[in-house]
Structures are given as C-alpha cells and as structure tokens.
Amino acid sequence: MADFAWLIPLLPFIGFLINGLLGKSLPKILVAVIGTGAMVASFLLATLIFFSIPQGETIHLNIHLFDFIQAGTIYIPFDFLIDPLSILMILIITGIGSLIHLYSAGYMKEDEGFYKFFAYLNLFVFFMLLLVLGSNYIIMFIGWEGVGLCSYLLIGFWFKNQDYNNAAKKAFIMNRIGDLGFLMGVFFIFGTFGTFTFDEVFSKASLVTEFNQPIFITICLLLFVGATGKSAQIPLFTWLPDAMAGPTPVSALIHAATMVTAGIYMIARSNILFVLAPTALTVIAIVGVATALFAATIGLAQNDIKKVLAYSTVSQLGYMFLALGVGAFSSALFHVMTHAFFKALLFLGAGSVIHAMHHEQDIRRMGGLAKKLPITHLTFLIGTLAIAGLPGLSGFFSKDEILAKAFETNIIYWVLGVIGAILTAFYMFRVYFLTFHGSFRGTHDQAHHLHESPLTMTLPLIVLAVLSIVGGYFNLAPIFGGNAGLEHFLSPVFAAGQAKIHHTNHLSHSTEYLIMAVSVVAVILSIGLAYFTYISKKSVPVEDGDEINGLHKLVYNKYYVDELYDKVFVQPIMYLSTSIYKFVDIVVIDGLVNSIGKGIYALSGILRQLQSGSIGIYVLMMVLGLISILAFNLIP
Amino acid sequence: MDILSLLVFAPLLAIFFILILPHNQSNFYKNITLVSTSIQFLLSLIVINRFDFSYPKIQLVEKFDWITINMQSLGYLSIDYYLGVDGLNLALVVLSTFIFMIGVVASWNVKENAKAYFCLYLLLTASVIGCFLALDLFLFFLFFEFMLLPMYFLIGMWGGPRREYAAIKFFLYTLAGSIFILIAMIGLSISAIEPLETAEQMNLTGETSADLIANVQNQLQLQKIPKKALVHTLDILQLSDKSNYIKGTWLSWDNETVLWGLSARAIVFLLLLIGFLVKVPSFPVHTWLPDAHVEASTPISVILASLLLKTGSYGLLRVAYTILPDQAIEFGWLVATLGVISIIYAAYNALAMNDLKKMIAYSSISHMGFVVLGIAAATAESISGAVFQMVSHGIISAALFLLVGVVYDRTHNRNIDSYRGLASKMPIYTTLTVITFFASLGLPGFSGFIGEVLILLGAFAAHSHNGIISSWFAVGATFGILLSAAYYLWTLQRMFFGKFWVKNGSLWSKKLTDLTFQERIILFPLVFLMILFGLFPHLILNIVSPTCALLADFIINR
C-alpha cells in the first residue's frame, strides 16, 4: 500500500493544475469539488497506508521516484520516505487540509478569485507534503521554500490592499532569512557526512559518541535558525501576526495547523543531530519558552480576534520548541497534532464569526454572539477550553506532557511554562467572553444580518471540535491508564536519539499529579479572573485613541519590535542601496570610466594643435625649436 | 562542410537572400531570418542527437589548417580552423539557437531600416555561435571580437534616446577588455608548439601519433628541436598541455622571471581575466551593462543578457581556466572575491532602481556573479553549477527582458513608480512576471535554484576538495539570495499589486492590454523551460557535468 504514497502529493498537484489553468472557466462548485476532492482522496490514501501497517510492526520505506541532481560527488535522488513520523504528518496535513478546503468552499463563495484560491491551497498542500515526505534535505528544502511561496501568495491574496502585500512580502523575506540558515546548515551536513539523505546522515551520526562537537552545534543552530523563520520564534516571529491578512482558512491551514509546524518536524526528523549537540538543545528550549511567554503577553492586549489567535499560535509553537529542547520529541509532535485540531478549530470559528459580522475582526465591536451563532459558539468554546488546557480535553494532555518533561529538565522552564499557560487561559477567555457574551457592540446593520454559517463551514467546525476533545486520547499517558499510543508509534524514529539521552530523574507519579494539579488550578483561577473582568465587570478594551499607561502601551504595541527591526535593518539597507548606487556606481566607477574617455579626448585636443595646418603656428614652433637648439648648444 | 560549420555559417546564406531582395519586399526579411534561426535551432538539436553523452572530451571535431605563417628563425605559427563541442559549450549552443529564434519573433515589429537590422542580427547569430564552438584561440578571438560590430549598430541605431552614448560605451569598454585578451594571445602564440605539425617539420615518423607526440614533447624538453622547426600554435587544447611549452619562453611552466611580483603566466591569466570579466560583466567593470540595456531595444537586450554575457564566462572557463589551471588555483581567491562582490553589490544596486529595466540589468550582474563564484571554486559541482546557471540565466533573463518590453511597448515608460496594481488589468502578464521573478530569485522548482545551489555547495565544499577558496565565500554569496528576494518582491508589490493606477490615467489604461499572441508564443516556452529544467535538471546536467568533472580534475592535477 505504502508504495502508492507518491500519489498523496500528486493528487493535490493535479488539483492545482486543473484549477490553476482551467479554473477560470469552470463553475465554482466544480472548482470546489476538484480542490476538495483531491484533498479527501489524498487523506483516504494516507489513512489506508496508516492502517496497512500490521499491528505491532513499524514501517520504514524509501520510494525512489527519479534522479533529481547528479553532478560531481553530489547525488540527490527524488525520493520519499514513509515512516511513522511522515505518516503522522501527512495524516494531519491531508486531514485538516480536507476540512479546511471544505470550509473554504463556503467561506470564499463570494470571492472573484475563488478558483485561484483553491489552486493556491492545493499547491500549498502539495509542497507541504513534499516537505514531510522528502527523504533528503534537498527535497525537504524544496517543500520548505514552496510552502513559503504559497504562504506569500495567500497572505497577499487580496492584492488590492497594500497592507496585505506588505504582510506577504514581510512573511516571505523573514522566512528567507531563516531559509538561508537552513541552507547553510544543509551545506555543513553535506560537508560533514557527504550526503543529504536522512538515512545515511542519521546512521553516520548515530556512530558519533562525543557530544557537543563544534560542527554539530553549528549544524543544529543553523537548522534552528531555519526553524525560527518558518515556525515564527524569536527573533523571526513578527511576520506571523501580520500574516493574518490572508483569508481566514489560510490562517487556519498554513499559519496554525501545518506550515508553521514545519520547523518542529524538521528538528524532530533530525533529532539524532540535536541530541549530539546538547548546547543547541538548550538554546532551543530557552528560545521556545521565551517565545511562549513573550507572545502570550502580547496576546493579552490585542483586539483583533485573528491577531490574538496568531500570538497564541506563536506562543504554542514556543511550547513545542520547549519540548524539543528538553529532548521530548514525541511530546512536541503530540502537541503539533492537538494544536492542529484546536487551533484550526479556533481560526475557523473566528472565520465564521468574521463571516457573520461582514469582515469585522475587532472584538470590541462584537459581543453576545452566542445566541445568533450557536454552533460556532459551542465549538469555539470547546477550542478555547482545549487550548486553555482544561482536564480531559486534548490540549490538557499534550501541554501537560510538555510541562512534565520540562519539570524533569529544569524547574525554571516549568515555572515559565505554567505562567504562559495562565496567560493563555486568560487571553483566550477574554476573546471568548468579549465575542460571544455580553451585549452586542457592533453597528445596527451588522446586528441585522447576523446569521449562522452554512453547513460547509459548520461541519468542519463540528469535526474539529470532536477531535479537540478526543485528540488527547491518541497518546494517553500511562499515568491516566493509557498506553501512550502515539509515542509508541513514533518511537522507531527517535530510538537512536533517545538511546543517547541519559534520563536521570524520572518523576514519581505523585510529583506528576502535583505539578498537574498546580497548573490546572492556576488555569482555572485565570479563567475566573477573565470571567470577573469581562462578564461581571463588563469591561471592554479601550478605544485606539484613548490614553493607556506604560506597560499596557508597551504590550499593546507589541514591544515595538517591528519598529525596532525597521530602524535597525530595513532602513539602513535601503539607505545603503541608494548610496551605493549614487556614490560608488555613478560617481566612482562611472566617473573613472568617463574621465578616462574625457582625458583621452582632452589630450588629443592638445596634440591636434600640432596638425592644425596654420602656417603661423608652424613658424612659431620652428622658431621655438631653433632657439632651443641654439640654447642647448650654447650651454657647455 | 560539416554540421558545426553549417550551424555557424548558415545565417550568411540568409543574409545573401535578404540583401538581394528589393526594398518593397521588406516583410520577407523577418521571415527569412526566422527560417534561418529555426534551421539553426534544428541543426543544434541534431548536434545533441549526435553527441555522445558519456564521452567528456571534444566531439564532432572539424579541424583544418587555416593560416600558417613562416616566422623564419622563430619557426612557424599555425592557426587552425577548429570547431568542436563538449559539455562546456553544447548546452550554450542550443540555448543560443533557441534564444535567437525567440529574438526574431520579438523583433517582428521592427519596421525602420529592416534590411540592415535583420542582416546585422544574422551576423550576430553567426558570431555568437562561432564563438561558442571555436577551439582555436585565434578563431575564438575573431568571433568574440566580431560580435561587437553588429551589436554596436543594433544598440546605436535601434535603441533609446541615449543610444549613442550607450553604444560607444559598450564598444569601447569591451574593446578595451579585448585588448588584454589580444596581448595574452600574442604571448601564448610564441610559447607553445603543436607537436604533430612540429614532427612534420622535423620529418619525424612514429608508430602511432601518440608515440610521435611523446617523442616530440620529449625532445622539446631536452631543447633538441631547432628553432626553425617549431610550429607554434593557438589551439586551446594544445595550449593546455604543459609539455607543449618551449623551455625558457616566458609562458613555460618553469619560467621563474617575476615582474611586479607576478610570474608571466600570472600576468597572462590576469589579462585574460580582465578581458573576460568585462564581458560577464563583473564588479568593477560592469557599468557598461545597465546603460547598454536601458538603451537597447527589447530583442537586443534579450540577446545581450541571455547570450553575450555568457561568452565572457564561457571564455573564462574555455580559455583562461583551461590554458592556465595553475594560475586559476593561485588566483581563485581573487575571482571568487569579485564574484561575491558582484552578487551583493549588484543586488544592492538593484534595490535602489526605479527603472525596471535597470533593476533587471543589475540583477543580471548579480546572478552572473554566481557563475563567476562557481568558476572560481573549480570543483566538479561548482563548474557544473556555473554552466547550468549560464543556461538557466539565459532562459530567465530572456524572459525578464521580454517582460519589461511588454509595458515599454505599450507606454514607452519603464519607471516602477509609474504603475500600480497591474494585476487587475493584465492578469496573464502578471502571472508570468510573478513566475519569472520567483524563478530568478532562486525558488526551488525553477532552474535558477539548481544552478545557485550547485554553485554554493561546490564553493562551500571547495576548501576540502581543492582548497582554492574558503567556505566563507559561499556564506557571503547566500546573502545575495536574500537581497534578490527583497528587490523582486518589492517590485511586484509596487508595480503589480494594490489598486490599479498609472501615471497617465486614462490614456495609458487604454493602452495597457494583456499579452498579445506574439508575446505569448515567446514567453510561454521560456517559462515552460524554467520549470522543466528546475524539475528535471539532469536534462542539462547529463550534458554538462562529465566535462566539468574532467575540467575540475584537470585543474587540481594541473
């Protein structure tokens, strides 16, 4: 069965070709059927492959498609690698992708670029699948840059708005900074191992016994630079909130569920290299937890419903990096999966709200929508509870696993992680209360048109809500009586790396219960505070023009990071480019070239005097000549 | 006349037809030119068909004695008519015939002085292809120089407002470069011999020609050959053989004379380097290119960017690196430095441009910098990458200049800030521009990526392969990739996205229609090829890489 895995990316690609080339003349319904159909077919195929793995066995299959590049000592085959990690990723991508395609059919119904939207979306899924299926770093890089391209096209989908174009450009360029790091890392890998193929690199690396060799730290930190770009970590995170300019399904699929987790996938894939560089892992953990906390504080003060979700994505990705940093690779992927469920749900729910509110995204203009949008309200609540980490829901299990692993490594990580969780619960419930409860604060016109979304949009919400509830049980820890199914499934991928990690202090069950209780109590208190603020006291965030005090202002303006980058990087580069052109190119080089020309011209002007044909000058010259000859002869 | 000669000289026949046609038949000129270039294209495909991909050396050789000069006491100078193909030039020859075909279609609307235009155009095809095929340095130089003549007139007569300045600048700049090549050539002509012809002069015979060559070379080292019998040569392959150099001459390998701290071979290498870098062009001898592009008409810009620049980088490989591999290693750092500076410096300049064509001209310099870096690193991967990049840039830059031509034809204005939101008015044009820009900024899936990644990898690994350059050059060059994303995306945003707006309101907005049929039939194939070679690079690499690996080996083992 797995031999047919090459069809999984091919189907969306065919969908892209049909919709991209012919979509303009096709009816919208057909466009939607082709786009969504290709995704569903891929998903079914992925499921079949998953279930074709015999019970208790694992899979590790290399599918050779064709020879891609062959020059000198470089040999790069176009191969796919089917193993538990790639199967998990393709299930998430095609599964969530199918739901979001279906949702888009309703959400984008009125848009004139409908066919283009589906074509781009299919193309994105194609590249994303290439990224996770590639069996070497170069194929991965093709997918890696390809998803960046689609992200660019989709963020700037409504290209008539220059702010959106700015956001698209910023996303692509920031990603490219990361990509350069990734590319350099890949070069170092090639320099060290002489190959790009995962299997060969990792088997050679697993023979290495010495930890923290400089070359491994270099490779891992460079790869991590790539990950910070794609997965929006400090310092390359500012593109993600801006990327919310794209249509909401895009935010759900690309900027929450799939593309932004590519960095986590890449590090998990290369886990053996990172295990050999504990210093790099420490850097990842610190950056991860710092991002988790930093983004969460910004989320507290944002008023755009999608911006809040965006910062929460940045923050949740930070948790995943924290997990990677403490060597809990399967916990990171567990959170990738549950986060894909509840964050896609939250974004689609937000999309449903925005759809009903006629493209209003400001939570200060909403309120009391629970009655008008019952399905959206209920599913959004489930998503909010899941991300807050209420016991029993998917987010609880995955986040708690990460916090427990963090506790094992360093208690400071755990403390910061719990603070982040408290903030998360608060800002998510802030959004929930302000949107769905209280009194309606929008215009009369909006109130009149409020309506629940069509079935194509609510159905994905319901499916995702169910997954957000049960998602945790796919990897239920032994402490809850589960068998850690996902961890077990993924263990062959991480076996070599885990063998090198020395687990010193395993937590006792009582400690584990205790730290769990602490975070649950803290989260519930935080929800209570949100309830007190936004329901009991009915407070609404202040309007844009109003005075706000120091700290609030700092957070509201996202710590002025964008302004800082503009002053430190963008403006100097622009200044440099103009001055290089105006000074070096025009004045120095061309000035030199032109003055050589002018010099020769001037010189010939002087020499020409000798040939002027004027008798007077010839006579003068002759006289001068005679005088000088005489003069020379007279001097002894 | 064999196929390669036919490939070079077929256009002369077409010129003859155009010349005898009376003026009132001027519509036929372009048709004849199109037929001629199409025939050349087909011939080049036949060459591919006859080419043995597994044999890395020169094939389909055509070689005749052409000029033999008796230099009395100095012996003879024998100049050959010598054509042949291998991995270095075959792909470039096919690229040339293809682009010349595209160029004719792009010239379809040339009315003014059409007879002269198409005659010069055909002359240009002959000299560019001749330059790629010639294997005797003299013949190569002849074609290399002859290109200037049609190009000078094509820019100077059918160009923009400042065309005369641009044409003369182009002419003098490249001519100055060529003088350096000429000096190098004179030096080479008195330093090495052709062993077989020398044997003939000495009335030597041998069992096989290999024996004979060994015998002559042996005697040459022992200085037993009388000076009168020496047959000097400019055959590039003979010049690359160390044992063909006459002991005690300036350019012999063991000459220890030093001038300003440089050996004579080093000086010759530097002369060739300057000469070819002017044509590439590389920092700091690049300033003719933006001016020439801005003033040249669209088809001529296409030929200039796509093909003429490649003769420079090709010359570097074929002449400088093949004849002076020892110096190539010695000065690798210099070549690489110029390459990296070109990449970054030109990218910065591109960022500052408001004239779209000038922006693309600078991006051309930046992308040719990668070729220079690839050549400098001189590993099998980086040279393959450099040749691949030449072909890829040939395709992409042709499309880029054609795309600029589209707006210029309609409004006679190329300023980026004169347009906004073209996407809503010209969707197909915008789509093709977006694709081409992304291809040029090196997005995987397009040919630009393959060339750049091979070059960077090769340059990165060079220090462990041959030790010519350090990995830091590759690291520096990657910043060029970042800057190229910046200037292309910024241009897209300013010109194509946003609400539709043009400087001259309703007048222009009527003129700005989407691509015509003629524009489509030349742009679609180019876009197709960018993607084809991006997905299946082995189509080119199979031709290129065996020869490049051989050259890299030759340089290391000099």
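How many residues does the contact take from chain B and from chain A? It takes 58 residues from chain B and 44 residues from chain A, contact meaning heavy atoms within 4.5 Å. The model is predicted: local features need pLDDT of at least 70, side-chain atom pairs count only at pLDDT 80 or more, and totals for chains, interfaces and linings use all residues. Residues are numbered from 1 along each chain as its sequence is written, chains are lettered from A in the order in which they are written, and side-chain values use heavy atoms, without hydrogens and water.

Chain B and chain A bury about 4600 Å² between them, 74% of it on carbon and sulfur atoms. Buried area is the accessible area (1.4 Å probe) that two parts lose on being put together, summed over both. B:Tyr348, B:Leu457 and B:Gln493 supply 13% of the area that chain B buries against chain A, more than any other three residues.

Across this interface the rule finds one salt bridge (a side-chain nitrogen of Lys or Arg within 4 Å of a carboxyl oxygen of Asp or Glu). Helix H21 of chain B (residues 472-496) gives the most to the side of chain B that touches chain A, with 13 residues; helices are DSSP runs (H or I) of at least four residues. The side chains of A:Asp590 and B:Lys169 meet in a salt bridge at 2.7 Å, N to O.

Key. Helices (H or I, at least four residues) and strands (E, at least two) are DSSP runs, numbered from the N terminus.
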